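Me: I would like to learn how to read a structure like this one. Can we go through a few features in turn?

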Amino acid sequence: RERKILERKLAGGSMHRFEFDEHTVDVWVPSTVNPKTKVLVMHDGRNLFDPSDTFTGKTWEVLPAIRDEVRAEAPIVIGVWGLSDFTRLRELAPQAVLDAHPEIWDVVPEEYGADKGPGMGDAYVSLIADAILPFVAEKFEVELHPERTAVMGSSMGGLMSMYAMSKRPDVFGTAICFSTHWPFGGETMVNELTAMLPAGQTHRLWTDSGTIELDAIYPPLHNKAVELIKQKGYSEPEGLVASIYPNTGHHESYWARRV
């Protein structure tokens, strides 16, 4: 009975934990893996799988979604924990934009003051693309290809997902961004990050917004970003999902519904 409960909890797969450059990395592996198995990398790994690890006691319900909704072959899911709470903004901020516009920090609320400093986003992207993904691919005998590799996050993790695909289009073919935090940098971030995106003919993008809580201020910037993204060749529905979800906010419980 306990084995059956554990099997259901793990969606029939297995969980593995590793350490990379002081980052905890959780890797869920489906029961069946072949060289063409897809790979999904997710930021804020502590909030993905185990409620006891999370900030709020609520996860993204990744494994229940795989267990209950995935009809085709399940992907390997890699959850990358941040270096620390104090460096989260610096790791997940698109570094090229932040370094070019340090004035972005001037409008960041004071409660995030401990995060202010030099950008760490490029090192974070490299950690995933050049260390974590090759290790996982070798260990579980998967052949990486951008058509089968996606990166996913929410809020600042949404910005980082888009940035990671822009910096390493050879690695990531899809970016999935929930409640993309465009207010970090405002129109400057919108203009410069969308300009960095690879062509829509070769890559895919999901970016969205809610309408309540912190997300209440997102829609105008979201709409501006979507206009520019479409100019890069991303077209709905095959290459772009760009939805606004009414009465949803900035919390794992809302993002779990989208997973």
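Reply: Start with a definition: a salt bridge is a side-chain nitrogen of Lys or Arg within 4 Å of a carboxyl oxygen of Asp or Glu. Note that this is a predicted model, where local features need pLDDT of at least 70, side-chain atom pairs count only at pLDDT 80 or more, and totals for chains, interfaces and linings use all residues. Residues are numbered from 1 along each chain as its sequence is written, and side-chain values use heavy atoms, with hydrogens and water left out.

Me: How many salt bridges does the structure hold?

Reply: Side chains of opposite charge can pair when their charged atoms come close. The structure holds 12 salt bridges. One of them joins arginine 67 to aspartate 68, with the closest N and O atoms 3.0 Å apart. Another joins aspartate 85 to arginine 46, at 3.7 Å from N to O. That pair links distant parts of the chain, 39 residues apart. Arg17, Asp26 and Asp53 are linked in a network of salt bridges.

Me: Is aspartate 85 buried, exposed or partly exposed?

Reply: Buried means under 20% relative accessible area, exposed over 50%, and partly exposed in between (1.4 Å probe, protein chains only). Aspartate 85 has 47%, so it is partly exposed. Arginine 46, at 25%, also counts as partly exposed.

Me: What is the nearest side chain of opposite charge to arginine 148?

Reply: For charge, Lys and Arg count as positive and Asp and Glu as negative; His and the chain ends are not counted. The nearest one to arginine 148 is glutamate 143, 4.6 Å away. Arginine 148 is buried yet has no salt bridge. Arginine 148 lies in the loop between helix 5 (121-139) and strand 5 (149-154). Helices (H or I, at least four residues) and strands (E, at least two) are DSSP runs, numbered from the N terminus.

Me: Where does helix 5 bend?

Reply: The bend at a residue is the angle between axes fitted to the seven residues ending there and the seven starting there. Helix 5 bends by about 30° at isoleucine 132. A proline, proline 134, follows within four residues. Isoleucine 132 is among the buried residues of helix 5.

Me: Which strands stand at the edges of the sheet?

Reply: Two strands pair if DSSP finds at least two bridges between them. Here an open sheet of eight strands has the order 1-2-4-3-5-6-7-8, with mixed pairing. Strand 1 (14-20) and strand 8 (240-241) stand at the edges. Each has a single partner strand, so one side of each is left without a neighbour in the sheet. Strand 1 runs antiparallel to strand 2 (residues 23-29), joined by seven bridges.
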